[in-house]
Amino acid sequence: MNKYEMIYILESALSDEAKDQLVEKIDGVITKNGGVVEKTEKWGIKKLAYPIDYKTDGYYVYVAFEGDSNLVSEVKRVVGITEHVLRRLITKR
């Protein structure tokens, strides 16, 4: 299993409950597809370097996980179609 880390940005206007549900959903996608979530950190609201969909700030979340390349493809797919996710970046550690 390879080690990966992902940072994704949620819309800052969401309620705290909605943000927590999205974080749990994405962690669940990783575990349901054979991955292991090592760490999830909620970094909070930060100003974006440039506007995304006319939004100037976002809620940043960091996830460190282990899995295979098929897991990364599935996480990219699910996060890409999830509403309220502005951006995501997955890198190998």
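Mentor: Happy to. The sheet is open and has four strands, in the order 2-3-1-4 with antiparallel pairing; two strands pair if DSSP finds at least two bridges between them. Strands here are DSSP runs of E with at least two residues, helices are runs of H or I with at least four, and both are numbered from the N terminus. Before we go further, this is a predicted model, in which local features need pLDDT of at least 70 and side-chain atom pairs count only at pLDDT 80 or more, while totals for chains, interfaces and linings use all residues. Residues are numbered from 1 along each chain as its sequence is written, and side-chain values use heavy atoms, with hydrogens and water left out.

Strand 1 and strand 3 run antiparallel and are joined by 10 bridges. One example to find on your screen is Lys3, whose bridge partner in strand 3 is Glu66.

Along the sequence the protein follows the pattern β-α-β-β-α-β. Helix 1 (residues 16–32) lies across strand 1, strand 2 and strand 3, at about 130 degrees to strand 2. Helix 2 (residues 69–81) lies across strand 1, strand 3 and strand 4, and runs at about 170 degrees to strand 4.

A nonpolar core is a set of buried Ala, Val, Leu, Ile, Met, Phe, Trp, Tyr and Cys residues joined through side-chain atoms within 4.5 Å. Buried means under 20% relative accessible area, exposed over 50%, and partly exposed in between, using a 1.4 Å probe and protein chains only. The largest core here has 21 residues, and those touching the most other members are Met6, Tyr8, Leu10, Val61, Phe65, Val75 and Ile90. Strand 1, helix 1, strand 3, helix 2 and strand 4 each supply at least two residues of this core. Apart from it lies another core, of five residues, including Ile9, Leu48, Ile52 and Leu86.

Rings of Phe, Tyr and Trp (its six-membered ring) pair if their centres lie within 6.5 Å; planes under 30 degrees apart count as stacked, over 60 as edge-to-face and the rest as tilted. By this rule there are two aromatic pairs. Tyr4 and Phe65 are stacked, at 5.7 Å centre to centre and 25 degrees between the planes. This pair links distant parts of the chain, with Tyr4 in strand 1 (residues 2–11) and Phe65 in strand 3 (residues 55–67), 61 residues apart. Tyr4 is buried at 8% relative accessible area, and Phe65 is buried at 0%. Trp43 and Tyr62 have ring centres 5.6 Å apart and planes at 5 degrees, so they too are stacked. Here Trp43 in strand 2 (residues 36–52) is linked to Tyr62 in strand 3, 19 residues apart. Trp43 is partly exposed at 37% relative accessibility, whereas Tyr62 is buried at 11%.

Finally, look at the loop between strand 2 and strand 3, where you will find Asp53 and Tyr54. Asp53 has a positive phi near 50 degrees although it is not a glycine, and Tyr54 has a positive phi of about 65 degrees, again in a residue that is not a glycine. Asp53 is exposed, with a relative accessible area of 56%, and Tyr54 is exposed at 85%.

Conventions. Contact = heavy atoms within 4.5 Å. Axes fitted to C-alpha atoms, helices over the stretch in contact; angles between N-to-C directions.
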